[in-house]
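Subject: Structure for you to look at

Hello,

Here is the structure I said I would pass on. Please open it next to this email, and read my notes below with it.

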Amino acid sequence: MPKKLLIVGITIILLITLAGCRENPAGSKLKTLDDLKDKRIGVLLGSIYDEYANKTYPDATVLQYKSQSDLILAVKTGKADAAFFNHESSLELMRKDQELAYVGENLYKVPVGTGFNQENDELREEFNQFLQQLKASGVYDDMVKRWISNGISDMPKIDNPKNNGRLVVGVVSDKGLPFAIVKNNRIVGFDIELSERFAAYLGKELLLQDMEFAGLVAAAASSKVDMIASTIVITEERKRQVDFSDPYYELGVSVFGLKKNIARYENDQALTPEDLENKRIRALTGSAGDNAAMVKKPQLSSPLGDFFNSIKTSFYSNIIMEQRYLLIVDGLKVTVIISLFSVVFGTLLGALVCWLRMSKNWGLQAVARVYISILRGIPVLVLLMLVFYVVFASVNINPVMVAVIAFGMNFAAYVAEMFRTSIESIDKGQSEAGIASGFTPWQCFGYIIMPQAVRRVLPIYKGEFISLVKMTSVVGYIAVQDLTKASDIIRSRTFDAFFPLVMVALLYFVISWLLALVLDYIAFKTDPQINRSKGGIGA
Amino acid sequence: MIKTEQLCKRYGSLTVLKDVSTEISKGEIISIIGPSGTGKSTFLRCLNLLEKPSGGSIYINNVDLLAKDTDVPKIRQKMGMVFQSFNLYAHLSVLENLTLGPVKLLGKSKAVANQKALELLKLVGLAEKALNLPDELSGGQKQRVAIARCLAMEPEVILFDEPTSALDPTMVSEVLAVIRRLAKAGMTMLVVTHEMEFARNISTRVFYMDEGIIYEEGSPEQIFKNPQREKTRAFINRVRSFNYHIDNPNYDLYAMNAEIEAFCEKHLLPPRVCDHILLLVEETLLLQTDFSDISLNLAYFEKTGHLEFRCEAAGEPVNPLQEGVQSDDIGLKLIQSRIEDSQYRYENHKNMLFFKVKGE
C-alpha cells in the first residue's frame, strides 16, 4: 500500500515537473494575422472555424480539439501557436488568464441560431415568434448586457407553469462563458437562459441534455432532443441536417495565442505573479534559468511549501468553488453505475454468446462467431455512437442505458471467448465422470465445470473488467455526464489542466482498484484450497 | 441385468464394434481383455451411453436404454463408472467428491452423505485424506477415491475402464486390492483390463474381444488355460509375429532383412538372436526351388521367450532338410547349428518347414 502511494506521488511530481519544462515552441513571433499562414492553428472540433482557417491559411496546420479546455490547454502548452475562438467566450478567458492575448479580435461575425429537427417546423416557428417577443420586450437586450457585456454569471428567476410537458434541449455544458457553464452543479449561461425562457414561453418543463458539441447536430437530426442551443453557427452544411431558427446572436471570431509569442507584447514587462511563478518553476527545473526572479522573490525559495500551496489553491478552485465536488461525485456515480451494469449485462450476454459458440448446431455457432468478430472489430466509441444515433435513433431512451447496452455488447464479445477457453480447459473426463454418475449435462456444467471455469477465467476477466471501466470515459459523446466529462466541465471553468486531469486519473485508478479487489474477493471465495479448511466433516 | 443385442458402433468409416450380443446377470464379474483398439472401452462406454451406439439395443434391468422416453441419467445413477484417468472433480475435496452425487442426485442430507462417504473412504483406506484435494493424492489414491465415489451412489453395477492403466506399477496393487474386495462383496462388475493375472483370479467370466466382437468367452480357466481360437491363443501367450510373402525369385532380400531387423529390435531380441534369424531365413530360402508362393512367419512368444520360424512354399513335395537332396550340406549345417528343433510336413500342396530358433 504505501509503496503504491509513493509511486503515485512520484508520478504526479514528474507530471508537474515535465509541465514546467515546456519550451517556447514558436520560431517567430506573431505580428499580424498573416503570420499565422504557416503556423499550427487550433480550432474546436465540429466548429466552423476549421473551414475558415483552412481556406484563409492553406499552408497552416489546423488542429481540432474536442473541447474548449483542450483547445486552450493546447495553446498554453505550445501544441498550437494560436487558436480561433468566439470572441464572446474569449473575453472571459482573457479576464482569467494573463498568459494569453489576442492576435486578432472580432475578425468577422457569424450568425448563430438554435437547431431543430427538419420535421419539426412547428417548434421552430414558435421559437422565432418567441425570439421576436423577447427582443421587443427588451429582455433580450438585458440578457446580452448581463451575460456578454458585464460577464455576470447568475441565472435570473424565470416563472414557468410547467403544465405542457417537457422540452428537451441539447446543450454543451463546457461551452464556456457567457454561453454555457456549470456553476454550483447547475448549467447556466446565455444559451441556457434563452432555453429556459423559451420553455417558460411554451409552459414546458426544460430538460437539458449535456452533450459533446460534435454530437449536437446528429442529436437533433435523430430527434434525440427537441432543440439544440449551444451558440451554433448557422452553416449550409448544418442546414442540410437540421433547420435553424432566426439568428439570435452574431458571434465574433477572434484569434488568440500566448502573450510571449505575440510581437506587440514583446516589451511588456508587467509580469503578473503567475508569470513569475512559471518562470520560477522553469528556473528550478533548469530549463530556462531566470535568476532575477529568484532574487526578486526570495520568499519563494521553499519549493515544497510552494508546491503544497499551489495544490491547495488548485484544490480550492477545482473542487470547492461553485460546489464542483458535486460534479465529481455525480460523474463518479455515473461511471460506477455504467461500469457495473455493463459488466452484469455483458457477462450475461457473453455467457449466452459463449453457449451459442459452443453449441453443436452449426447455425447457432455461426451467429456467435459473427457476433464476436464484428463486435471485437468495432471501436467501442463508434459502437456507442452507432447504438445511440442509429439503432435507437427514434426511441426515447436514457443515454446511460445506451451506454450500458453498448459497453455490455462489447464486453460480451470479449468475455464470451474467455468463457469458452476456460470451459474448454477443464478436462473432458470430469464431465464424463459427472454424466456417468447420473448428472444431466446442465447439472454437470453447474456443479462441476462452471465452478472450475470461473476460477480460471477470473484473472483475465478482471483485466477486461478494469479496461471496461476505463473505456466508459467516452460516454460524454452521447450526453452522459461521467467522471471524465465532469473533469472537462471543471477544466472549461478553471482553465487548469493538471489538477482535474490528475484527480480524474487518480479516481479512475481508485475505482478500478476497488472493483478489482471485489473480484479478488470472489476468487478467494472460490478457491478450493481455502474452502476446504472450513468445510468441516460433520457440517 | 445387462443385455445387448447386435450392438455396433461406427466412427465414420471405422467400425469399432461390429456385433456384440451378450447377457450379464447380477453378481457376475466380467473381465474384458483383448488387444488395444478392438472396442473394449467402446463397449463399456456404450453400456451407459457415454458413446451413442450406431445400432443394436441395450437393456438394463429390462429397460430399453435407447428408447426415447427412457430416463438415462436415472439409470446411470445405478451404474457406476471408474475411468482410466480417475476424473475426480478437481475443485472439490475428496469428501465432497463422494458427497456431490448423493446430495444433489439422491437427495441425501449432507450429514448422512458425509457419514457414508467417510465409511467408504475407510473401506478404501483413505479416510485421512478426506479433506485433501484430488491434486494432492497419488495416482493409486486417486483411483481408490474414484471407486469410493462410485460406491457412494450405491450402484448395482460398476464399469471399470482400464482402472490401472494410468498407474505406475507400484500403485497397481493397491487399486486391484480394492476391486478384489468389492468382488468378494458380490458387486456386479465389468472390468476392462490388461492385468491378466487379476482377470484370471477375480472373474466369473472372461470376454476376449477382437475384430469388433466378443471373439471368445468363457470361464477364466477356459480362456487362460485352454483358449480355443487362434487369436485368443496368440493374445494369451502374448505371441508377436512377423509375416513376409514372396511371389517371385527376384525378391528383395535386403528389404526383407531390414524388416526382420526392425521386428527383432521392436521386441528387444538380442543382436545374436537376430543374426541367427537372418541367416536361418536366408539359408532356408536358398533351399527353395519354387518361388511362386512362399510365406514366411516369425513368431516370438513373449511369455516364454520362444522364437519360431515357419516357411510355407507351394510346389512339389520335397523335404530340403533330408541329406542328399542338396548338392552340398553346408547350408543344412548352417541351419542346424542355429535351431533346436525342426519339422517338415506336406499339407495342402505346400511344403511346410518349422524351426525352433535357438535362444542365446
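Which helices of chain A each supply at least two residues of the nonpolar patch? They are helix H12 (303-320) and helix H13 (324-357), where helices (H or I, at least four residues) and strands (E, at least two) are DSSP runs numbered from the N terminus.

Some ground rules come before the rest. This is a predicted model, in which local features need pLDDT of at least 70 and side-chain atom pairs count only at pLDDT 80 or more, while totals for chains, interfaces and linings use all residues. Residues are numbered from 1 along each chain as its sequence is written, chains are lettered from A and ligands numbered from 1 in the order in which they are written, and side-chain values use heavy atoms, with hydrogens and water left out.

The interface

Chain A puts 23 residues into the contact and chain B puts in 29 residues (contact means heavy atoms within 4.5 Å). About 2200 Å² is buried between chain A and chain B, with 63% of that from carbon and sulfur atoms; buried area is the accessible area (1.4 Å probe) that two parts lose on being put together, summed over both.

Between chain A and chain B the count is one salt bridge, meaning a side-chain nitrogen of Lys or Arg within 4 Å of a carboxyl oxygen of Asp or Glu. A:Glu432 and B:Arg45 form a salt bridge at 2.5 Å, N to O. On the side of chain A that touches chain B, helices H17 (428-436), H18 (441-471) and H21 (528-534) each supply at least two residues. H17(A) gives the largest share, seven residues.

Within the whole structure

Over all chains, the search finds 28 salt bridges. One of them joins A:Asp154 and A:Lys183, with the closest N and O atoms 3.0 Å apart. A:Asp154 is in the loop between helix H6 (139-149) and strand S6 (166-171) of chain A and A:Lys183 is in strand S7 (residues 181-183) of chain A, so the pair ties together parts 29 residues apart in sequence.

Regards
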